[in-house]
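User: I would like to learn how to read side-chain features from a set of coordinates, taking each general idea together with its case.

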Amino acid sequence: MPESPGVRGVKSAARTVALLELLADRGDRPSRLDELAEELSVPRSSMYQLLQTLVDCGWVRTDTTGSLYGIGIRALLTGTSYLDSDRYVRMVRPYLDEASEALGETLHMARLDGPDVVYLATRESHEYPRTISRVGRRIPAHAGALGKALLAERPEDDLPLPPDPLPALTENTHTDRTTLCADLVEVRDRGYSIDREETVPGIAGFGFALRYDTPATDAISCSVPVNRLTGDHEAHIVSVMREIRAKIESLLPPASGAPDWR
């Protein structure tokens, strides 16, 4: 975990955060004590004590046998608070509604977080609704329309990417930095990104960076099944999304006195 300049990290706090992030990444796959201790290189006894403390506080849950652990409900409450307190999420949500009404497709807002993007808001398609919300989920930035729109806002020598080969989500995902950078050049020239089955097989996406920050950290996108993506429909999606982005970027800055989170 990176430390702020001149500030010494607190080992116990860093260990707690690492444990919560590991449990969150595992999703619906519960973990055993030995697995967590080995993964984080923590003595078994120390890991047990930490887990029991977090179970008591609601940040970790355990099964009836006390041998399996998963992320607790307090994590959901904290994540919801993040969304509710973020002025940009509140600002963008009505425009996702507007785009959803105009297009009938799936709309997303996401934020760059290191080498990934994290979904902050979603409006599902009228045609193929999903049963699981993507809000709070993360995907590699190089693997989709949202991430590529944001990577294109940065110089090539300052891209937050892991080493090659880049992880692949589908057979169409960029796994080489050179080919990705060539794609980002086209994104800059075009003004938006295109994901043709790079994140999910059968789904295309169109991503638009929101330039109320420099470089942009937030983006919106529209996703559509490739079997319904005609040339006319693609042109309509791009036209509507350009208009929605312009409306968002034309809004007045947030009221003075609001925190400028970093």
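User: Where does the charged end of Arg 190 sit?

Analyst: A charge is assigned to a ring by its distance from the ring centre and its angle to the ring normal. In this predicted model, the charged end of Arg 190 sits over the ring of Tyr 192, 5.5 Å from its centre.

User: How many aromatic pairs does the structure hold, and how are the rings of Tyr 192 and Phe 208 arranged?

Analyst: The structure holds two aromatic pairs. In one of them, Tyr 88 and Tyr 212 are stacked, with 4.3 Å from centre to centre and 10° between the planes. This pair links distant parts of the chain, since Tyr 88 belongs to helix α5 and Tyr 212 to the loop between β8 and β9, 124 residues apart. Tyr 88 has 13% relative accessibility and therefore counts as buried. The rings of Tyr 192 and Phe 208 have centres 5.2 Å apart and planes at 20°, so this pair is stacked. Tyr 192 lies in the loop between α7 and β7 while Phe 208 lies in strand β8, so the pair ties together parts that are 16 residues apart in sequence. Both Tyr 192 and Phe 208 are buried.

User: Which residues of the largest nonpolar core touch the most other members, and which element gives the most to this core?

Analyst: A nonpolar core is read as a set of buried residues joined through side-chain atoms. The largest one has 29 residues, of which Met 109, Phe 206, Ile 220, Ile 237, Met 241 and Ile 248 touch the most other members. At least two residues of this core come from each of α5, β4, β5, β8, β9 and α8, and α5 gives the most, with eight residues. Leaving aside residues up to four places away in sequence, Ile 237 touches Leu 103, Phe 206, Cys 222, Val 224 and Leu 229. A second, separate core has 21 residues, including Val 117, Leu 161, Leu 180 and Ala 216.

Definitions and conventions:
Residues numbered from 1 in each chain as written. Predicted model: local features only at pLDDT ≥ 70, side-chain atom pairs only at ≥ 80, totals over all residues. Heavy atoms only, no water. Phe/Tyr/Trp six-rings, centres within 6.5 Å; stacked < 30°, edge-to-face > 60°. Helix = DSSP H or I, 4+ residues; strand = E, 2+ residues; numbered from the N terminus. Buried < 20%, exposed > 50% of the residue type's maximum accessible area, 1.4 Å probe, protein only. Lys NZ or Arg CZ within 6 Å of the ring centre and 35° of its normal. Core = buried A, V, L, I, M, F, W, Y, C linked by side-chain atoms within 4.5 Å. Contact = heavy atoms within 4.5 Å.
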